[in-house]
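Hi there,

Here is the structure I promised to pass on. My notes on what turned up in it follow just below.

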Amino acid sequence: MAISNISNPMSSLIEVHMPNFAIIGSGAMGSAVAKRLIDHGATVLTYLEGRSEQTIARAKAAGMVPVGRQELTKAELILSIVPPSEAIKVADLVADISSGMPAPPPFVDLNAIAPKTMQALAARFESSGVEVLDGAIIGGPPVPGKSGPTIYISGDTAERSRLLEDCGLRIRRLDGPLGAASALKMCYAGINKGFTGLGTAMLLAASRSGAAESLKAELSESLPDVDRKLSRSIPDMYPKAHRWVAEMQEIADFLGDDDPAATIFSGMADLFARMASDVEGSRVLVGQLDEIIASSGTEN
């Protein structure tokens, strides 16, 4: 007897629930994270009042849904993905709109801030009933065909972040308390972005002193991996330098006054502030760096 494929008439009545998220911050990272979630069936709300035309266009291109600030609380998770200097301000906003709600959505801070800042941020929610999760993004914005970046979450005893995992993000939950993810981010960024800052400082010093060609030749010969990394990471830094200033200050705060290395990162903050000013202005320093990076490293 032939058996035909008969669809279950009840299947059309079953509705698969896809989560709503809210993301405050529609920069390169925030909009790309939103796009990844949206591509996996989620709806992503955002708040765009007072934002630039470029930011609004980026959010809409990613498929984010602009809403009023109170409507952000309709999401199942609210994510903050903004420059470190704006993290506390966003927390104040979310604490305000969540006030008085019987069951406000959890709040996930994914910014590059020190554990001390994370604790101060969490304190904003003490009387609101909001569950606060500490997060850190390591890696560049999501791109199609690649699984990264990695998002570390600490303080997530109820595994609220599983919703993000189900919608295409790579999530790693840390056993440590609130602040553990922020500490990881500080250490990683201190090495990765600190390396770029160190290379920038020394290449500029070589340019000022007439040693640029010799330095490039020596790097190419004895430290080729370093040479290749600096050749990629320094130009990539130019449009981001203004955002890295506060991040270096957060790393210095993370290390603390008793650690002499804190002064290194205070200096890095000043360096990136100088680079940001140059990028927006004369681009003299950019030109010097580009000239060294483009050179073959062969001495006359």
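In helix α11 (residues 284-294), the buried residues are Leu285, Val286, Leu289, Ile292 and Ile293. They sit on the same side of α11 because they cover an arc of only 130 degrees around the axis, the arc being that of the directions from the helix axis to the C-beta atoms. An α-helix has 3.6 residues a turn, so residues three or four places apart point the same way. On the other side of α11, Glu291 and Ala294 are exposed. Among the elements covering the buried residues are α6 (180-209), α7 (212-222), α8 (224-237) and α10 (262-280), where contact means heavy atoms within 4.5 Å.

Buried stands for under 20% relative accessible area, exposed for over 50%, and partly exposed for in between (1.4 Å probe, protein chains only). Helices (H or I, at least four residues) and strands (E, at least two) are DSSP runs, numbered from the N terminus.

This is a predicted model: local features need pLDDT of at least 70, side-chain atom pairs count only at pLDDT 80 or more, and totals for chains, interfaces and linings use all residues. Residues are numbered from 1 along each chain as its sequence is written, and side-chain values use heavy atoms, with hydrogens and water left out.

**Backbone notes**

Most residues other than glycine have a negative phi, and most peptide bonds are trans. Gly148 and Pro149, however, are joined by a cis peptide bond, with omega about 0 degrees; Pro149 lies in the loop between β6 (132-138) and β7 (150-154). Glu159, not a glycine, has a positive phi of about 55 degrees.

Best wishes
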